[in-house]
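Me: I'm new to this one. Can you walk me through it?

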Amino acid sequence: MVSILVAWGAAVLVENISARAVKSMLLTEGVTFASVAPDGLQIHLSGTAPNEAARYKVVNLVGALIDSSRIRDRMEVTPVKAIEAPRFSVEMLRNDDGIQLIGLLPESDALQAVKDKAQALNPDVPLSDMLETADYPAPQGWEAALTYGLDALEMLPRSKISVAADQVAITAIAASDAEKRAFERQLNTAKPSGLAVKVDISAPRPVLTPFTLRFVKDAEGARFDACSADTELGRARILAAAGLAGAVGSSGCTVGLGVPSPKWTDATITGIKAVAQLASATLTFSDADVTLLAGADVPQGDFDRVVGELEADLPDVFSLKATLEKKASGAVAGPAEFTASLAPETHRLEMRGRLTDDMLRKAVDSFARAEFGGNTYLATRMDPELPTGWPLRVLAGLQALGELDNGTLLVRPDTVELKGITGSQSAKVRISQILSEKLGQGQTFRVDVKYDKTLDPLAGIPTPEECAADVDDVVARQKITFTPGSAEIDAAAGGVMKALADVLKLCPGVKLEVAGYTDAQGSEEGNRALSQARAETVVLALQGRQIDVSGMIARGYGEADPLADNGTDAGREANRRIEFRLIGAPKPISADAGKAAATAAQAQGAAVAGPDFSSDTSPSLAPQKKTVTPKPRPKKTE
């Protein structure tokens, strides 16, 4: 019996010594995946080796330490992964020089169809084909993404389109803001369901020919008939000078290319200041030609003084021609004039008055038919005694009239007058450019054009800023509320969600940040997580109402930026909110920062507008922003 115990103890000792030796050796070699378990004199190896070579290495290492007959290999080997398919993608580049295709496609019959469609867009220029194929099946969504990318390539003559199975990125250049908005609308409409699309379309600044500014001061007040600027800063300075000269209301000023001199802004501001010193006047800049027509009510002394100062202050490149309008000395019988009337509904053009000869009559008739169509009526008489330049004045006036939906034209030896209605916000600028260029420096003209929004085909398409304002208006009337302590939208908020959906249906793809906020109860991390979940729920709820949410980002800010005191029930209710912000717009500053900025500005004599505290809370709660004394955090009861 004693011998048996001794033999058993010796076997256990040998077993433990062998196991410890094997473990130590494997750790020394950096092997961590293998487990060692003694069983009598046998050593069992288990675990999962990364590959077959690693498994053999372990067996050989252990076999060098103990007899190989004692080793029991129970190790497994990680299965070899199947070779993954490559990521298929195509870059399509299109410009005036042709089309380039670069990328990797699944091997299929679609390859040749892609090349054929791209070549058909510009058949005169050989296609730059750098496409390759791989013998793998097309991933899910590839066909829809590729078709959408080719449609976008056909639509956009200057573009770069990157196509993958899960996303299409489009970068393009449009000729104008109107074309840009049309492209974006068409791309959003054609987007396949479930495909992520990123669209970045820019519209370069227009080339203004001639570069025109026309500032008028008369009985109706001071205003721009046309305004051009070469930079955003220049536009701001010009509009500020007009405001000091008495212009009120919103004034447009186009920022464009083609400025005749780097000193354009300084020159136009100098001219506007000169007009401000006169009782009535019209100032016209057409490139470097400057015309100042002072009204008949301006005293000769004032005219001489202002014109002298203006000539001295204008940069050298600018040429001034100034005229003081003569006081009326009685009506003249049978004035030489030409009139044209464009009817509002029939768009019929009727022309009467005097022309120099039959050749001019035929030219006017042909021009009118080309500009206005065949619905024209011409009843004029010949007068060879008309002043020099009469044909040019008539044709320039008709060209300018073509910018209106309806209106009248009056041509006289001393002036050209245009009145009417337009559905284009840029029509007045274009008319001033036409007349100032065609009539020449020193020639007077008057423009009385009104903008009618109902005639504007683009007026019904809201801008991103208008969309954001409409959304703010909805949430200002009623808050989006949630079930206490959760991210589930309360049933009582169904009305506000429907109102939001109605607004956003007119704004497909608008880029908005949906920001969630809580009160200060509970932990900061818990509040941030809850606000994030609530913001995401709002985006999902809008998507469920068939709203395009591709441009929306949900962000939770927790208890940051409180609107009111978290120490009161009313304050906490105001702070629990959802806000919508246009991405790219500056984030509203806090109340304390706003007060500090306003105080500093007032100390410097500047007029500073206070921060915008609009939110989805009731008006009685939103403005109550103040410094909040920190208090102990109670448990979350929201």
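Me: Which residues does Thr265 touch, not counting residues up to four places away in sequence?
Reply: Thr265 touches Asp230, Gly234, Arg237 and Ile238. Contact here means heavy atoms within 4.5 Å.

Me: What should I know about the model and the numbering?
Reply: This is a predicted model, where local features need pLDDT of at least 70, side-chain atom pairs count only at pLDDT 80 or more, and totals for chains, interfaces and linings use all residues. Residues are numbered from 1 along each chain as its sequence is written, and side-chain values use heavy atoms, with hydrogens and water left out.

Me: Back to Thr265. Buried or exposed?
Reply: Thr265 is buried, at a relative accessible area of 6%. Buried means under 20% relative accessible area, exposed over 50%, and partly exposed in between (1.4 Å probe, protein chains only).

Me: Which helix does Thr265 lie in?
Reply: Thr265 is in α7. Helices (H or I, at least four residues) and strands (E, at least two) are DSSP runs, numbered from the N terminus.

Me: How many residues are in the largest nonpolar core?
Reply: That core has 36 residues. Leu213, Phe215, Phe224, Ile238, Phe285 and Leu292 have the most contacts inside it. A nonpolar core is a set of buried Ala, Val, Leu, Ile, Met, Phe, Trp, Tyr and Cys residues joined through side-chain atoms within 4.5 Å.

Me: Which elements give two or more residues to this core?
Reply: The strands are β12 (212–218), β13 (221–226), β16 (281–286) and β17 (289–294). The helices are α6 (232–244), α7 (264–276) and α8 (300–313). The largest share, six residues, comes from α7.

Me: What is Leu213 in contact with, leaving aside neighbours within four places in sequence?
Reply: Its partners include Phe224, Ile238, Trp264, Thr268 and Phe285.

Me: What about a second core?
Reply: There is a separate core of 32 residues. Val90, Ala118, Ala152 and Val197 are among them.

Me: Let's look at α6. Which of its residues are buried?
Reply: Gly234, Ile238, Ala241 and Ala242 are buried in α6. They cover an arc of only 100° around the axis, so they sit on the same side of α6. The arc is that of the directions from the helix axis to the C-beta atoms.

Me: Why can residues a few places apart point the same way?
Reply: An α-helix has 3.6 residues a turn, so residues three or four places apart point the same way.

Me: What covers the buried residues of α6?
Reply: The cover includes β12, β13, β14 (228–229) and α7. The face turned away from the buried side carries exposed Glu232, Leu233 and Leu244. Just after α6, Gly246 takes a positive phi of about 110°.

Me: On to α3. What is its span?
Reply: Its twelve residues, 110–121, should span 16 Å at 1.5 Å a residue. The end C-alpha atoms are 17 Å apart, which agrees. The expected span is 1.5 Å times one less than the number of residues.

Me: Which residues of α3 are buried?
Reply: Leu111, Val114, Lys115 and Ala118 are. Their arc is only 95°, which puts them on the same side of α3. Their cover includes β7 (98–106), β8 (128–134) and α4 (142–155).

Me: And Ala120, buried or exposed?
Reply: Ala120 counts as exposed, at 57% relative accessibility. Ala120 lies in α3.

Me: Now α12. Which residues are buried there?
Reply: Cys467, Ala468, Val471, Val474 and Val475 are buried in α12. They cover an arc of only 120°, so they are on the same side of α12. On the other side, Glu465 and Arg477 are exposed. The buried residues are covered by elements including α13 (494–504), β25 (512–517) and β27 (577–582).

Me: What's the overall count of helices and strands?
Reply: The protein has 16 helices and 27 strands. Buried residues make up 39% of its 638 residues.

Me: What is the average pLDDT?
Reply: The average is 84, and 87% of the residues score at least 70. pLDDT is the predictor's confidence in each residue, from 0 to 100.

Me: Where does pLDDT stay under 50?
Reply: Over residues 589–637. Where pLDDT is low, the predicted coordinates should not be read in detail.
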